[in-house]
Amino acid sequence: MPLFDQLYNFAHWMTRNREEAEDLVQETYAKGLKGFSSFQAGTNFRAWMYRIMRNTFLTSRTGLRAAMTIALDLGKDGPELAVESETPETILIERSDSYLIQSAIDGLPTHFREIILLCDLEEMSYQEIADTLSIPVGTVMSRLARARKALRDEVTAETVKGRVRK
Amino acid sequence: MGCNFWKTKHDTYLDGELAAEEMRVFSAHLHTCPSCATDALMRVLTKRSIQAAGKRFTPMAEFRTRVQQSIAARPWRSSMRFGWVIATTTLAILLVTGVAVTHAGRDRTRREHVYSELADLHVATLASLAQVDVVSSDQHTVKPWFEGKVPFTFNLPDLQNSEFSLLGGRITYLDQVSGAHLIYQLRNQDISVFIFLEEAVRGKWNEEYPVIKELSFHMETWSQGGLRYCIIGDASAGDIDDLAELLKRASSS
């Protein structure tokens, strides 16, 4: 089955629950096969499948709860800060801890989590992400920038939490 | 353009989304600016960390099997009810009917399974980044590529004066039986042609319905010269039939 492992991984990240992820994947394949005639040859099959999955997720109970977190795409953020002595990146390198980045991704709102995963994990182009999320490419760029900033903040926050615990 | 301008472009650059000219200028800037180079390196490392940490969840084998089965499964209309009515009149007829119906049911399930399997192969190929292993529109290049890879030879049609074009081919497997999988294109629609040795896949096909519609695909199958041909695609039934005719003529020549 095409894309099975990737879709499952993405579904689990979105739902944060194994059973719900399985239901989501199963429904995605069922809808994909049922509606294959609507898939236009020559267009992106991967984006089409992810779009089905995302739309299915958004109508699920978990997805509806997540959708209550409103995504504000309010244009560009200000200029980014120069590299400081200790940045989220240096923390990551120092600790080389995948648990840290996993809990940071997990702590992101759904709309940030999905765009980071589509870009950095699935290595989708901005156009593919735009097709998957049904948003303009410009919105992809601004949302991605804010998602990355939020991730950096999460990494820093997780690190501080860890230090306090110690 | 100074660092402040480029600082806003680091991620776009690393995502490979800058225009070619900007890409070139920024690359040159990175070679001369330690601050931007360090920042870019840090961001690359973050991307790599996300990539490694993001591959976190793996589907269980039982779940994979369950999905495969649910996709392959089709409503199975039992005719046992009819056999049961007859049984009330005569035990002998029940036995004969029951046995016949059970066999018919099994045959039908097996046939439906093979059509679903071919639909899966077709979809998987469409989704694949490398759709074909031999890339050529020339049948004289594609046909010899299969020699020694499949236990049979076949003829491919000359597509001059036809709307179809050959994209190439690959080896495929249907229930552990190797075969040839050719991809044709018609008006941007991909069509799969599967060829297997007939004796290796005998009994899997419904000869009464050589043209069917499966999962929104049109499909046509026939046996010719000891080979089993099957065409599947979301082109119209008429287009599928036109390609079938070309293949039939090539096979008989």
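Let me start with the two chains. The contact takes 42 residues from chain A and 42 residues from chain B. This is a predicted model, to be clear. On the side of chain A that touches chain B, the elements giving two or more residues are H1, H2, helix H3 (45-58), helix H5 (88-95), helix H6 (98-106), helix H7 (110-121) and helix H9 (137-165) of chain A. By class, that side of chain A has 26 nonpolar, nine polar and seven charged residues.

Next, the helix pair. H1 of chain A covers residues 4-15 and H2 of chain A covers residues 18-34; their axes come within 8 Å and cross at roughly 130°. H1(A) and H2(A) are therefore oblique to each other. Their crossing is right-handed. Which residues meet? From H1(A) there are A:Leu7, A:Tyr8, A:Ala11, A:His12 and A:Thr15, and from H2(A) there are A:Arg18, A:Glu20, A:Ala21, A:Leu24, A:Val25 and A:Thr28. That contact has six nonpolar, three polar and two charged residues.

Now to chain B and its strands. E2(B), residues 165-174, runs antiparallel to E3(B), residues 177-186, and nine bridges join them. B:Thr172 stands opposite B:Gly179 in E3(B). E2(B) and E3(B) form a hairpin with two residues between them, and B:Asp175 in the turn has a positive phi of about 50°.

E3(B) is also joined by seven bridges to E4(B), residues 189-197, again running antiparallel. Here B:His181 has B:Phe194 in E4(B) as its bridge partner. The hairpin of E3(B) and E4(B) has two residues between the strands, and B:Arg187 takes a positive phi near 45°.

Technical notes: Residues numbered from 1 in each chain as written. Chains lettered and ligands numbered in written order. Predicted model: local features only at pLDDT ≥ 70, side-chain atom pairs only at ≥ 80, totals over all residues. Axes fitted to C-alpha atoms, helices over the stretch in contact; angles between N-to-C directions. Helix = DSSP H or I, 4+ residues; strand = E, 2+ residues; numbered from the N terminus. Parallel < 35°, antiparallel > 145°, perpendicular 65-115°, else oblique. Left-handed = near helix turned anticlockwise from the far one by under 90°. Contact = placed C-beta atoms within 7 Å. Nonpolar A, V, L, I, M, F, W, Y, C, P; charged D, E, K, R; others polar. Pairing = 2+ DSSP bridges.
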